[in-house]
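Dear colleague,

Please find the structure below, handed over for your own work. My findings follow it, arranged by topic.

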Amino acid sequence: MAQATFSVRMDESLKKQFDGLCQEFGMNPSTAINVFARAVVRQRKIPFEISSPETGITREGAMQAFTALRAQAKANGVSGMSLEDINKEINLARREAKI
């Protein structure tokens, strides 16, 4: 598929905030714009909201938490869980948090 360049002008402060949030979401700004454009075209509307529950989350902090969780999983003998098992645990924790 041929690629095209799309240039957007925005306030410098907004761009910095957008770049930071994209990093929190695990993507770069170009990927975020592509995700948005595909969804708009597919659904013919502004289809979704992406939000960050906390503004103090950094990539470094997330990686430290992830590394600590991996070590804890290994220590508890659950490091071999499948993605399906992990998602079940996440959904269970989310349900419990809403109670």
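**Start and end of helix 1**

At the start of helix 1, a side-chain oxygen of Asp 11 comes to within 2.9 Å of the backbone nitrogen of Ser 13. Please note that this is a predicted model, and that every value in this message is computed from it. Helix 1 covers residues 12-25, which is 14 residues. From its first C-alpha to its last, helix 1 reaches 20 Å, close to the 20 Å expected at 1.5 Å a residue. Gly 26 follows helix 1, and its phi is positive, near 85°.

**Overall form of the chain**

The secondary structure comes to four helices and zero strands. Read from the N terminus, the order of elements is α-α-α-α. The radius of gyration of the chain is 18 Å, well over the 13 Å that the globule rule gives for 99 residues, so the chain is more spread out than a compact globule. The C-alpha trace spans about 50 × 35 × 30 Å along its principal axes.

With regard to accessibility, 4% of the 99 residues count as buried. The chain exposes about 9,100 Å², and carbon and sulfur atoms supply 55% of that area.

**Salt bridges**

How many salt bridges does the structure hold? There are three, and they are described in turn below.

Are the two partners buried or exposed? Lys 16 is exposed, at a relative accessible area of 58%, and Glu 12 is exposed as well, at 55%.

A salt bridge also joins the side chains of Asp 19 and Lys 15, at 2.7 Å from N to O. Asp 19 and Lys 15 likewise lie four residues apart in helix 1, which puts about one helical turn between them. Asp 19 counts as partly exposed, with a relative accessibility of 26%. Lys 15 counts as partly exposed too, with a relative accessibility of 44%.

The remaining salt bridge is between Glu 84 and Lys 88, whose closest N and O atoms are 3.4 Å apart. Both residues lie in helix 4, which covers residues 83-98, and they are four residues apart, about one turn of the helix. Glu 84 counts as exposed, at 53% relative accessibility.

**A nonpolar surface patch**

Which residues make the nonpolar surface patch of about 480 Å²? Phe 6, Val 8, Met 10, Leu 14 and Ile 33 make it. Val 8 is found in the segment before helix 1. At 46% relative accessibility, Val 8 counts as partly exposed. Leu 14, another member of the patch, falls within the residues 12-25 of helix 1.

**Summary**

In brief, the predicted model has four helices and zero strands, and its chain is more spread out than a compact globule. The structure holds three salt bridges, and a nonpolar surface patch of about 480 Å² includes Val 8 and Ile 33.

With kind regards

Key
Residues are numbered from 1 along each chain as its sequence is written. This is a predicted model: local features need pLDDT of at least 70, side-chain atom pairs count only at pLDDT 80 or more; totals for chains, interfaces and linings use all residues. Side-chain values use heavy atoms; hydrogens and water are left out. Helices (H or I, at least four residues) and strands (E, at least two) are DSSP runs, numbered from the N terminus. The expected span of a helix is 1.5 Å times one less than its number of residues. A polar contact is a pair of N or O atoms within 3.5 Å; within protein, one must be able to donate a hydrogen and the other to accept it, and residues adjacent in sequence count only if both atoms are side-chain atoms. A salt bridge is a side-chain nitrogen of Lys or Arg within 4 Å of a carboxyl oxygen of Asp or Glu. Buried means under 20% relative accessible area, exposed over 50%, partly exposed in between (1.4 Å probe, protein chains only). The radius of gyration is taken over C-alpha atoms; the globule rule is 2.2 Å times the number of residues to the power 0.38. Accessible areas come from the Shrake-Rupley method with a 1.4 Å probe; for residues, only the protein chains shown count as cover. Patches are made of residues with over 30% relative accessible area and no salt bridge: like charges are joined within 9 Å, nonpolar side chains (Val, Leu, Ile, Met, Phe, Trp, Tyr) within 5 Å.
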